[in-house]
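Reader: I would like a close look at one part of this model. Please take the salt bridges, and keep it brisk.

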Amino acid sequence: MKPLHLVLFILSGIILITLSYFFVDRQVVWFLVRHHSTQFGLLKIFANDIVLALTVAIFIFYIYYALCLTRNKIGHVDKKLLLACNAVVIGSFLKDILKNLFGRYWASTFTCNNPSLLNNHVYGFNWLKSGGAYQSFPSGHTTFIVAFATSMWFLFPKLRWLWALLACLVMVGQIGMYYHFVSDVLGGIMLGMPVGFYSTYKLNA
C-alpha cells in the first residue's frame with residue numbers, strides 16, 4: 001500500500017464514518033430493534049463465538065510457537081501464522097487506545113451499566129473518557145477479525161473466500177445484535193485492515 005493509497009483510504013474512511021454517524025447509525029439500530037434482530041441466535045454466534053474461538057486458537061498457537069523456539073523447529077507456515085497472530089495483538093492494543101480517546105456511548109446497555117442509545121437515549125462521544133461504559137468506537141471485534149482476515153488474505157490467498165466470510169459474519173453479528181453502531185464497525189475496518197496489511201508487508205513486498 002503506497003503512501004498515497006493509505007491517505008486516500010484514511011480519508012475515505014473518515015468520510016464514511018462521518019456520514020454513518022449522522023445519517024445511518026441511529027436509524028439502523030432503531031430498525032433492528034423494531035424487527036427484533038437479537039432473536040436470531042445465529043447473529044449472537046457470529047458476533048461472539050468466531051472471535052472467541054480465534055482468541056483461544058491464537059493463545060494456543062503462541063504456546064506452540066514458544067515450544068518450537070526451544071526446539072529450534074519453526075516451519076514456514078508457523079512464521080506466517082505468527083504474523084497473523086501479531087496483527088491481531090497489535091490491532092487490539094491500538095483499539096484500546098482509540099476507545100479511551102473517543103469515549104463513545106454504546107448502542108445498547110450491556111456492560112458496567114453503561115449509558116446507551118437504547119436505554120438512555122444518549123448518543124455521541126465523551127472524549128478521553130476511559131472505562132468500559134464509553135468504549136463503543138471503534139469496534140474491537142471488528143478490529144480483531146479484520147486484522148486477522150487481512151493478514152490471512154495475503155498469507156493464504158487460496159482461502160480468501162473463507163477470510164472474507166469470517167470478517168463479514170462477525171461484522172453482521174456486531175451490528176445485528178446492536179453491540180455496535182455501523183460507524184463503529186467502519187472504524188474497526190479502518191484500523192484492522194492497515195494493521196493486517198503492514199503486518200505481512202515484508203513477506204509480500
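Author: Start with burial. Arg 104 and Asp 184 are both buried. Buried stands for under 20% relative accessible area, exposed for over 50%, and partly exposed for what lies in between, with a 1.4 Å probe and protein chains only. This is a predicted model, where local features need pLDDT of at least 70 and side-chain atom pairs count only at pLDDT 80 or more, while totals for chains, interfaces and linings use all residues. Numbering runs from 1 along each chain as its sequence is written, and side-chain values use heavy atoms, with hydrogens and water left out.

Now the contact itself. The side chains of Arg 104 and Asp 184 form a salt bridge, at 2.7 Å from N to O. The term requires a side-chain nitrogen of Lys or Arg within 4 Å of a carboxyl oxygen of Asp or Glu. Asp 184 sits in helix H8 (residues 182-199) and Arg 104 in the loop between H4 and H5, so the bridge ties together parts 80 residues apart in sequence. Helices are DSSP runs of H or I with at least four residues, numbered from the N terminus.

Arg 104 has another partner. Its side chain also meets that of Asp 25 in a salt bridge, 2.8 Å from N to O. This pair links distant parts of the chain, 79 residues apart. Asp 25 belongs to helix H2 (residues 25-34), and the loop that holds Arg 104 runs between helix H4 (76-102) and helix H5 (117-120). Asp 25 is buried, as is Arg 104.

The search of the whole structure finds 3 salt bridges. One of them pairs Lys 95 with Asp 96, with the closest N and O atoms 2.8 Å apart. Lys 95 is buried, at a relative accessible area of 14%. Asp 96 is partly exposed, at 36%.

For contrast, turn to a nonpolar site. Leu 4, Val 7, Leu 8, Ile 10, Leu 11 and Ile 14 make a nonpolar surface patch of about 530 Å². Patch residues have over 30% relative accessible area and no salt bridge; nonpolar side chains (Val, Leu, Ile, Met, Phe, Trp, Tyr) are joined within 5 Å, like charges within 9 Å. Areas come from the Shrake-Rupley method with a 1.4 Å probe, and for residues only the protein chains shown count as cover. Ile 10 lies in helix H1 (residues 3-23). Ile 10 is partly exposed, at 38%. Leu 8 is also found in helix H1, and is partly exposed at 45%.

Methods:
Helix = DSSP H or I, 4+ residues; strand = E, 2+ residues; numbered from the N terminus.
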